[in-house]
Amino acid sequence: MTRNQLKQIWFNLPTSTIVTKTILVEMDKYKDRKGQGTIQITYDGPSGYSSFKTHQVNPIEYALNKMKDKCNDRLEYDDKYDYSTYKLVIK
């Protein structure tokens, strides 16, 4: 088998099209930060991987507000910005 044939086989292998969209809310365990936490929004799909993490005073409210926002007013609308389709995980 030649090098070119191996290249052709390699680049024609099927790729996975599994898309994962999650909003992870993790509550702080420190006594002085009761009710506060971090939110991590991740997207992994055919268009790439993106991740965003932030600390919020009211993390559950922030996550629910993000999920309500459909981002229809974005100039470059993309499926990964529609947070209403994301899976919410609270730890």
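The model is predicted, and local features need pLDDT of at least 70, side-chain atom pairs count only at pLDDT 80 or more, and totals for chains, interfaces and linings use all residues. Residues are numbered from 1 along each chain as its sequence is written, and side-chain values use heavy atoms, with hydrogens and water left out.

**Overall chain**

The protein chain contains two helices and four strands, taken as DSSP runs (helices H or I of at least four residues, strands E of at least two) and numbered from the N terminus. Their order along the sequence is α-β-β-β-α-β. Mean pLDDT, the predictor's confidence in each residue on a scale from 0 to 100, is 85 for the protein chain, with 87% of its residues at 70 or more. Among the elements, β1 has the highest mean pLDDT (94) and α1 the lowest (87).

The accessible surface of the protein chain is about 7,200 Å², and carbon and sulfur atoms hold 53% of that area. Accessible areas come from the Shrake-Rupley method with a 1.4 Å probe; for residues, only the protein chains shown count as cover. Of the 91 residues, 23% are buried; buried means under 20% relative accessible area, exposed over 50%, and partly exposed in between (1.4 Å probe, protein chains only). Among contacts (heavy atoms within 4.5 Å) with a separation of 6 or more, 38% join residues 24 or more positions apart.

**The β2–β3 hairpin**

Strands β2 (residues 37–45) and β3 (residues 48–56) pair in the antiparallel sense over nine bridges, where pairing requires that DSSP finds at least two bridges between two strands. Two residues lie between β2 and β3 in this hairpin. One of the bridges joins I39 to T54 in β3.

F52 is also in β3. The C-alpha atoms of F52 and I41 are 5.1 Å apart, with 11 residues of separation along the chain. Beyond its neighbours within four places in sequence, F52 contacts I39, Q40, I41 and Y62. F52 is partly exposed, because its relative accessible area is 39%.

The whole structure has one salt bridge, defined as a side-chain nitrogen of Lys or Arg within 4 Å of a carboxyl oxygen of Asp or Glu. The salt bridge joins the side chains of D28 and R33 at 3.4 Å, N to O.

K91 is in the segment after β4 (87–90). From K91 to D28 the C-alpha distance is 9.5 Å, although 63 residues separate them in sequence. Apart from neighbours within four places in sequence, K91 contacts L24, V25, E26 and M27.

The table lists relative accessibility for residues discussed in this report.

| Residue | Relative accessible area | Class |
|---|---|---|
| D28 | 18% | buried |
| R33 | 35% | partly exposed |
| L13 | 44% | partly exposed |
| K91 | 59% | exposed |

**Nonpolar patch**

M1, L6, I9, W10, F11 and L13 make up a nonpolar surface patch with about 750 Å² of accessible area together. Patches consist of residues with over 30% relative accessible area and no salt bridge, with like charges joined within 9 Å and nonpolar side chains (Val, Leu, Ile, Met, Phe, Trp, Tyr) within 5 Å. L13, one of the patch residues, is in the loop between α1 (3–11) and β1 (20–27).
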